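Good morning, colleagues. Please look at the model on the screen, and I shall take you through its helices, its core and its pocket.

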Amino acid sequence: MIIGAVIGVCVVLAVLAFFVPRLSRHPERGTQRTLGVGARAGGKAPGILGRLFSKPFHTSSRAVGRSGSAGRRTRRRMPF
């Protein structure tokens, strides 16, 4: 369920970044901030569990950043 939600957010951000690049930065940062809160909360677990619990949030945050930047990069490369 969570994986589907992250994929959906990535798709929405990529489309938003393609059509309105300037307006896509605020939702992207908000999503990354929310995922950062989850990563910090998961990281409070002791030892290796902390890394295991926070890793999905870090990976999702990185995916959100990549999808937004990919949409803006594609928009920049368009001939018109």
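I begin with a definition: a polar contact is a pair of N or O atoms within 3.5 Å, where, within protein, one must be able to donate a hydrogen and the other to accept it, and residues adjacent in sequence count only if both atoms are side-chain atoms. What you see is a predicted model, in which local features need pLDDT of at least 70 and side-chain atom pairs count only at pLDDT 80 or more, while totals for chains, interfaces and linings use all residues. Residues are numbered from 1 along each chain as its sequence is written, and side-chain values use heavy atoms, with hydrogens and water left out.

First, the overall picture. The chain has three helices and zero strands, and its elements run α-α-α from the N terminus on. Helices (H or I, at least four residues) and strands (E, at least two) are DSSP runs, numbered from the N terminus. Along the principal axes, the C-alpha atoms fill a box of roughly 55 × 20 × 15 Å. Of the 80 residues, 28% count as buried; buried means under 20% relative accessible area, exposed over 50%, and partly exposed in between, with a 1.4 Å probe and protein chains only.

Let us turn to Ser67, in helix α3 (residues 48-77). Why does Ser67 count as buried? The reason is its relative accessibility of 12%. A polar atom of its side chain lies 3.0 Å from the backbone oxygen of Val64. Setting aside residues up to four places away in sequence, Ser67 touches Cys10, Leu13 and Ala14, where contact means heavy atoms within 4.5 Å.

Ala14 belongs to helix α1 and is partly exposed, because its relative accessible area is 25%. Beyond its neighbours within four places in sequence, Ala14 is in contact with Ser67 and Gly71. Ala14 and Gly68 are 54 residues apart in sequence, yet their C-alpha atoms are 4.9 Å apart in space.

Now to the core. Which residues form the largest nonpolar core? The five are Val6, Cys10, Leu13, Leu35 and Val64. Helix α1 (residues 2-19) gives the largest share of this core, three residues. A nonpolar core is a set of buried Ala, Val, Leu, Ile, Met, Phe, Trp, Tyr and Cys residues joined through side-chain atoms within 4.5 Å.

Leaving aside neighbours within four places in sequence, Ser61 is in contact with Gln32 and Leu35.

Helix α2 (residues 25-43) contains Arg25. With a relative accessible area of 40%, Arg25 is partly exposed.

Finally, the largest pocket. Its lining consists of Ile2, Ile3, Val6, Ile7, Cys10, Leu35, Pro56, Phe57 and Ser60. On a 1 Å grid over the protein atoms alone, a pocket is an open set of points where a 1.4 Å probe fits, with protein on both sides within 12 Å along at least five of seven lines; lining residues have an atom within 4 Å of a point. Helices α1 and α3 each supply at least two residues of this lining, and α1 provides the largest share, five residues.
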